[in-house]
Amino acid sequence: MLEATVKKILQSRVYEAAWETPMSPAPFLSRRFDNQILIKREDLQPVYSFKIRGAYNKMAQLSEEQKAKGVIAASAGNHAQGLAMAAKLMGVKAVIVMPRITPDIKVAAVRARGAKVILKGDAFAEASEHAQQLIKEHGYTYIPPFDDIDVVAGQGTVAMEILRQHSGPLDAIFVPVGGGGLIAGVAAYVKYLRPDIKVIGVEAEDSACLKAAMEAGERVVLDQVGVFAEGVAVAQIGEIPFSIMRDLIDGVITVTTDEICAAVKDIFEDTRAVSETSGALSLAGLKKYVQQTGVKGQTLVCINSGANTNFDRLQHIAERTELGEQREAILAVTIAEKPGSFKKFCRTLGKRMVTEFSYRYADTDDAHIFVGIQVKPGGEDRQAVLTKLREADYDVEDLTDNELAKLHIRHLAGGRPCEEFTEELYRFEFPERPGALMNFLTRLPHNWNISLFHYRNHGAAYGRVLVGMQVPNGDRVHVEDYLDTIGYRYWKESDNPAYRLFMA
Ligand SMILES: Cc1ncc(COP(=O)(O)O)c(C=O)c1O
């Protein structure tokens with residue numbers, strides 16, 4: 001079977017539609033991880049993912065009669081775009097059925113490539129059923145996203161290029177896995193020619209259908225599938241891909257959402273390319289492999305499989321990158337609700353970079369603050385921060401791995417105080433450098449109580465802070481005189497309707 005698959009890969013027709021993509025060196029990553037790391041740039045394909053290869057090769061095998069009737073797929077993802085482009089190049093009618101909830105941007109991308117889009121059902125299963133019905137009615141040919149030998153062969157051309165482009169020593173190739181079309185093609189080609197090279201699958205932790213199948217010794221259907229990396233959100237590994245690769249691959253690594261986000265950033269820093277979450281998956285796995293095995297001086301390739309991301313998602317991805325690198329600890333700390341305790345807490349933290357600080361007055365005794373702190377990767381440094389705070393008698397809850405905290409609570413911490421009081425609200429801008437926050441707090445008169453504080457490091461040159469202060473009566477007319485001495489730009493916000501409606 002191996003030889004037959006390799007023959008199909010060698011005979012694949014992909015280059016009428018796909019490009020031979022480069023392998024980019026990743027100098028920052030290579031230095032950081034003590035290995036030569038290369039990135040196969042499938043994000044540079046005309047449809048911004050490798051999927052054009054399999055779709056085109058499959059279509060190239062159809063008879064004239066099949067082509068005359070048209071092709072169909074149920075997909076809201078990269079397969080839809082690959083198929084639409086392949087069909088357009090061949091002058092074949094393509095129908096793509098998508099669930100009604102598919103974002104407009106994806107619908108538009110497929111339409112722009114000339115395919116007919118039918119929106120049907122609320123979930124993928126209904127779209128898929130409708131596609132089957134249309135096949136019966138119109139005689140369309142179904143083009144599967146991964147469970148097909150010609151699709152697998154088309155995807156396998158990625159490996160053909162990797163071995164040709166890098167003929168020197170190569171230790172492992174990391175491949176993202178959804179339904180397994182790509183890894184089956186890559187594994188077949190690589191193991192036939194260079195069995196010494198490891199082929200390692202990478203899956204998102206919450207859609208690890210290949211790992212489950214390898215452990216069970218047969219294909220299993222996952223009860224639930226996480227969709228953060230939507231390109232690989234598949235509940236069951238494909239039958240044909242599994243039968244090809246099961247005895248060929250060297251392992252499967254699973255990674256978390258935060259680790260995927262960190263990999264998106266790594267790829268950006270080395271290549272300036274913005275990859276989609278599924279596209280960065282393989283690098284997240286590569287990093288984990290290096291950390292787990294401790295390998296050094298090897299040559300490792302990861303496949304950046306796609307770049308079809310919604311621009312709006314980047315904000316969330318950026319937010320989670322520090323956590324993915326384990327460079328940020330998220331803590332809930334209880335401090336005393338009295339003037340000076342905020343400053344004391346910052347002093348206890350010392351010179352550490354504060355990445356986030358959210359606090360709202362709740363009652364007269366305790367104040368709960370939501371705080372992000374930059375730490376060194378690996379967990380030890382985070383533990384050191386926890387120990388230090390606990391030794392200073394602070395009640396600390398580590399929320400770094402708490403999904404609720406990271407996704408929602410950080411945006412909700414605060415609200416209205418439960419009793420009425422007067423506070424002065426100001427927004428400040430200060431140069432983002434270590435100690436700037438402490439400098440600010442030190443200059444505030446010691447008898448002013450901080451009743452609200454919000455700060456988030458956005459990686460910009462200037463930090464922005466919102467501060468509520470309980471100022472004693474006598475000082476109130478002089479607030480701005482004090483603030484002028486601090487030297488940071490500020491704006492009075494006490495009358496801002498957003499504040500009045502939600503916080504005051
Ligand atoms: C960007 C991206 N990466 C990886 C995959 C996984 O490919 P496969 O289903 O062949 O395993 C997909 C599948 O659509 C994808 O779109």
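1. Strand β11 (residues 328-336) pairs with strand β13 (residues 366-374) in the antiparallel sense, over nine bridges. Two strands are taken to pair if DSSP finds at least two bridges between them; helices (H or I, at least four residues) and strands (E, at least two) are DSSP runs, numbered from the N terminus. Within this pairing, L331 stands opposite V371 of β13.

2. The model is a predicted one, in which local features need pLDDT of at least 70, side-chain atom pairs count only at pLDDT 80 or more, and totals for chains, interfaces and linings use all residues. Residues are numbered from 1 along each chain as its sequence is written.

3. Strand β11 also runs antiparallel to strand β14 (residues 395-398), to which four bridges join it. The bridge partner of A332 in β14 is E397.

4. Helix α3 (residues 51-60) is largely enclosed by the rest of the structure, because nine of its ten residues are buried. A residue is buried if 20 or more other C-beta atoms lie within 10 Å of its own, exposed if 12 or fewer, and partly exposed in between, with C-beta atoms placed from the backbone. The buried residues of α3 are K51, I52, R53, G54, A55, Y56, N57, K58 and M59. They pack against β3 (71-74), α5 (78-90), α8 (149-165) and α9 (181-193).

5. For the protein overall, 20 helices and 18 strands are assigned, and 43% of the 504 residues count as buried. The C-alpha atoms fill a box of roughly 90 × 50 × 40 Å, taken along the principal axes.

6. Of the contacts with a separation of 6 or more, 74% are between residues 24 or more positions apart. Two residues are in contact if their C-beta atoms, placed from the backbone, lie within 7 Å.
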